[in-house]
Amino acid sequence: MPIPQKSLMKILICLAVVIIFAFFFNIQSKNKVSRLNGDIVSLKSEIKRQEILFPVYLDLKRRYEAEVLKELPLVTNKAMTQEEVNEVTRQIEAAAMQANMEPQQVVPDPATLAENSGQVVVNCEFFGPFFNVRDLLKGLGGIPYVRHIEMLQMQEALNGLVVKMKVRLSVVTEQV
């Protein structure tokens with residue numbers, strides 16, 4: 001029995017819609033595949049670049065760590081008596097002048113001098129170029145009584161930088 005013409009037209013129209021749908025779907029998937037291939041190529045080139053640069057990175061990191069360890073003074077933290085506080089303030093001023101920073105104020109905090117906490121805070125203010133702050137911090141790290149820097153504040157000023165900090169020192173407290 002022959003297929004009626006109306007049914008044949010409907011079948012052909014449905015077949016055409018399916019073919020058109022498959023054609024557009026195929027184009028989209030080809031575009032997606034080509035985009036993914038481009039991503040793969042760029043990632044492979046990035047991986048090759050990283051493989052080439054990684055040994056250079058390791059060498060630079062090793063050199064940097066060796067320089068930093070050679071450059072920083074390794075001191076043990078020790079406590080001082082309250083009478084030695086004035087000597088340490090002079091050491092802090094000397095570290096600042098060695099770093100080409102001008103000490104504006106290096107004064108122990110009277111409130112921490114009175115309490116027997118085992119620590120004294122020294123309020124410091126220095127003036128100088130920004131690039132000398134690193135040398136100042138290295139110099140402070142070389143003072144064995146410095147426990148840590150509690151506060152560091154930098155303000156831009158005319159012809160330089162004002163650096164304010166609170167340096168906490170270890171002090172031997174008197175046993176009652």
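This is a predicted model: local features need pLDDT of at least 70, side-chain atom pairs count only at pLDDT 80 or more; totals for chains, interfaces and linings use all residues.

Visitor: Where is Asn 100 found?

Guide: Asn 100 belongs to the loop between α2 and β1 (102–108).

Visitor: What is phi at Asn 100?

Guide: As a general idea, most residues other than glycine have a negative phi. Asn 100 is not a glycine, yet its phi is positive, about 60°. Asn 159, also not a glycine, has a positive phi of about 65°. Asn 159 lies in the loop between β3 (146–157) and β4 and is exposed, with a relative accessible area of 73%.

Visitor: How many residues does the largest nonpolar core have?

Guide: In soluble globular proteins, nonpolar side chains tend to be buried together. Here the largest nonpolar core has 24 residues, and Ile 92 and Phe 126 are among those with the most contacts inside it. The elements giving two or more residues to this core are α2, β2 (119–128), α4 and β4 (160–170). The most come from β4, with 5 residues.

Visitor: Which residues does Ile 92 touch, leaving aside those up to four places away in sequence?

Guide: With that exclusion, Ile 92 touches Val 106, Val 122, Cys 124, Phe 126, Leu 140 and Ile 143.

Visitor: At what angle do the axes of helix α2 and helix α4 cross?

Guide: The axes of α2 (residues 85–98) and α4 (residues 133–141) come within 8 Å and cross at roughly 145°. This crossing is right-handed. The residues of the contact comprise 5 nonpolar, 1 polar and no charged.

Notes: Residues are numbered from 1 along each chain as its sequence is written. Side-chain values use heavy atoms; hydrogens and water are left out. Axes are lines fitted to C-alpha atoms, for helices over the stretch in contact, and angles run from 0 to 180 degrees between N-to-C directions. Helices (H or I, at least four residues) and strands (E, at least two) are DSSP runs, numbered from the N terminus. A crossing is left-handed if the near helix is turned anticlockwise from the far one by less than a right angle, and right-handed if clockwise. Ala, Val, Leu, Ile, Met, Phe, Trp, Tyr, Cys and Pro count as nonpolar, Asp, Glu, Lys and Arg as charged, and the others, Gly among them, as polar. A nonpolar core is a set of buried Ala, Val, Leu, Ile, Met, Phe, Trp, Tyr and Cys residues joined through side-chain atoms within 4.5 Å. Buried means under 20% relative accessible area, exposed over 50%, partly exposed in between (1.4 Å probe, protein chains only). Contact means heavy atoms within 4.5 Å.
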